[in-house]
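This briefing is meant for a reader meeting the structure for the first time. Please look over the sequence and the 3D view before turning to the notes below.

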Amino acid sequence: MPVLTAAQARRIAVAAQGFTDPKPAAAVTRAHLKRLISRIQVLQLDSVSVAVRAHYAPVFSRLGPYDRTVLDRAAWSHSARSPRLLVEYWAHEAALMAVEDWPLLRWRMRQWPHGRWGSHIVRANPQLVTDVTAAVGQLGPATAGQIEEHLAAASGRAGKGPWWNRSDTKWVAEALFASGVLTTATRAGFARHYDLVENVLPPQVLAVEVDDDEAVRELVRRAAGALGIATEADLRDYFRLSAAQVKPAIAKLVAAGDLEPVAVDGWDAPAYLRAGQSIPRTDRGTALLCPFDPLIFFRPRVQRLFDFFYRIEIYTPAPKRQYGYYVWPFLLDGQLVGRVDLKADRQQGTLHVVGAFTEEGQSRERAAEALVGELRSMASWLGLSQVRVGERGNLVAELRRRVLSGP
């Protein structure tokens with residue numbers, strides 16, 4: 001079995017995620033986005049918008065400043081000239097994925113006939129399931145609140161009925177989303193507008209049926225491609241698969257030559273290299289990574305690859321936070337060298353660096369010099385006129401000096 005060094009594994013992982021490729025010289029297009037999705041597979045969705053919503057950030061980190069309407073149109077609009085490129089589903093967590101990949105997750109939809117959560121509500125209200133489905137069929141794209149209002153008007157009741165309310169309607173709509181009856185037609189202010197899948201996805205996609213085992217194998221193969229090198233646990237996490245699903249899939253992919261078993265110095269589990277994967281000779285790739293970037297989805301892998309302990313602290317009480325509310329790890333030349341707590345102050349037109357920290361042993365001067373450029377690029381991308389540096393962290397003094405010194 002081939003043995004790789006930890007540095008080789010790290011370089012493979014960073015390259016597989018697209019960080020070593022040159023950024024587009026001209027404006028980012030739909031074609032650039034399509035190629036990126038074919039590589040990293042998913043863009044995780046999250047409601048936090050303290051800096052920028054999570055699904056926009058990985059595209060910026062890999063392709064540089066881009067017009068976010070390119071992604072919006074790809075995800076939430078359709079025309080004959082520009083068909084929908086992406087669709088929402090529970091891929092990693094709630095995520096955008098390629099429309100053509102929808103059939104690969106039908107087995108998950110069948111596993112959740114009553115939803116991912118709140119199944120007791122759905123089971124207790126079968127009539128509401130029928131009514132919500134019918135309401136969406138009549139309304140077209142609609143929020144849970146609009147569906148509830150439609151049902152109230154149809155029932156002739158001014159208020160909420162004794163057996164359903166807006167909360168129950170939302171639970172049912174989410175259950176129908178999980179089971180593949182509904183999907184997201186569009187979003188407005190991040191609110192999901194549900195529609196019947198047949199109104200959103202092309203018939204040729206809906207007509208595809210994939211054997212469950214074959215679908216899981218394909219998901220594992222794609223995870224391996226997105227990760228470059230991965231343990232079984234890493235492969236499971238990317239699409240949130242079970243060990244019972246992944247173990248036989250790996251065995252078949254190894255037998256077919258799609259995966260190559262390897263050992264990595266310092267790793268306590270076998271790893272798998274995707275077929276044809278080259279091993280970069282140097283560390284490359286510089287970017288700010290939002291907490292939901294695919295490179296850092298799986299925190300044990302982050303520590304194993306980069307010797308970087310990372311946990312999101314959104315739900316940690318402020319006095320107990322070590323680094324901050326919404327902290328972006330900083331990738332510099334293929335290594336995680338620091339972290340930055342960022343907030344977009346849109347009223348003041350400022351990208352606020354609430355805190356900035358370097359890892360032990362890393363040069364603050366080198367980190368600050370590179371980070372200033374990334375921060376200015378992000379500020380410009382977000383339509384903010386300046387970068388402001390706060391007081392927390394061992395990097396802020398050097399970072400502030402460089403920000404104030406100008407370009």
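What follows is a set of notes on cores, helix packing and selected residues.

The structure is a predicted model, and the notes should be read with that in mind. Its largest nonpolar core has 118 residues, and a second, separate core has 26 residues. Tryptophan 328, which belongs to the largest core, is taken up at some length, together with alanine 51, one of the residues in contact with it.

**The nonpolar cores**

- Within the largest nonpolar core of 118 residues, the members that touch the most other members are Leu235, Tyr326, Trp328 and Leu342.

**Tryptophan 328 and alanine 51**

- Tryptophan 328 is found in strand β11, and because its relative accessible area is 0%, which is under 20%, tryptophan 328 counts as buried.
- When neighbours within four places in sequence are left aside, the contacts of tryptophan 328 include Ala51, Val52 and Ala57, as well as Leu288, Leu289 and Cys290, while Gly338, Arg339, Val340, Leu342 and Met378 are also in contact with tryptophan 328.
- One of these contacts, leucine 289, is 39 residues away from tryptophan 328 in sequence, yet the two C-alpha atoms are 5.2 Å apart in space.
- Alanine 51 has its place in the loop between β2 and α3, and with a relative accessibility of 0% alanine 51 is buried.
- Apart from neighbours within four places in sequence, alanine 51 is in contact with Tyr326, Trp328, Leu342, Ala344, Arg346 and Leu382.
- Between alanine 51 and valine 387, which lie 336 residues apart along the chain, the C-alpha separation is 13 Å.

**Helices α16 and α17**

- Helix α16, covering residues 364-381, packs with helix α17, covering residues 396-404, at an angle of about 50 degrees and with the two axes 9 Å apart.
- The crossing in which α16 passes α17 is right-handed.
- On the α16 side the contact involves Arg364, Glu365, Ala368, Glu369, Leu371, Val372, Leu375 and Arg376, and these meet Glu398, Leu399, Arg402 and Val403 of α17.
- The residues of this contact between α16 and α17 comprise six nonpolar and six charged ones, with no polar residue among them.

**Helix α1 and its packing with α15**

- Helix α1 packs with helix α15, residues 299-306, at an angle of about 125 degrees, and their axes are 9 Å apart, which makes α1 oblique to α15.
- Where α1 and α15 meet, Ala9, Arg10, Ala13 and Val14 come from α1, and Arg301, Leu305 and Phe306 come from α15.
- Five of the residues in the contact of α1 with α15 are nonpolar and two are charged, whereas none is polar.
- Just after α1, glycine 18 takes a positive phi of about 90 degrees.

**Helix α4 and what covers it**

- In helix α4, residues 68-76, the buried residues are Val70, Leu71, Ala74, Ala75 and Trp76.
- The elements covering these buried residues of α4 include the helices α2 (30-40) and α3 (57-63), together with the strands β2 (42-44), β3 (86-90), β4 (94-98) and β5 (182-188).

**Loop residues**

- Most residues other than glycine have a negative phi.
- Glutamine 41, in the loop between α2 and β2, has a positive phi near 80 degrees, and glutamine 41 is buried, with a relative accessible area of 6%.
- Aspartate 333 lies in the loop between β11 and β12 and has a positive phi near 50 degrees, but aspartate 333 is partly exposed, with a relative accessible area of 34%.
- Serine 242 sits in the loop between α13 (232-238) and α14 (243-255), where serine 242 is partly exposed at a relative accessible area of 32%.
- The C-alpha atoms of serine 242 and leucine 86 are separated by 25 Å, and the two residues are 156 residues apart along the chain.

Methods: Residues are numbered from 1 along each chain as its sequence is written. This is a predicted model: local features need pLDDT of at least 70, side-chain atom pairs count only at pLDDT 80 or more; totals for chains, interfaces and linings use all residues. Side-chain values use heavy atoms; hydrogens and water are left out. Axes are lines fitted to C-alpha atoms, for helices over the stretch in contact, and angles run from 0 to 180 degrees between N-to-C directions. Helices (H or I, at least four residues) and strands (E, at least two) are DSSP runs, numbered from the N terminus. A crossing is left-handed if the near helix is turned anticlockwise from the far one by less than a right angle, and right-handed if clockwise. Contact means heavy atoms within 4.5 Å. Ala, Val, Leu, Ile, Met, Phe, Trp, Tyr, Cys and Pro count as nonpolar, Asp, Glu, Lys and Arg as charged, and the others, Gly among them, as polar. Buried means under 20% relative accessible area, exposed over 50%, partly exposed in between (1.4 Å probe, protein chains only). A nonpolar core is a set of buried Ala, Val, Leu, Ile, Met, Phe, Trp, Tyr and Cys residues joined through side-chain atoms within 4.5 Å. Angles under 35 degrees count as roughly parallel, over 145 as roughly antiparallel, 65 to 115 as roughly perpendicular and the rest as oblique.
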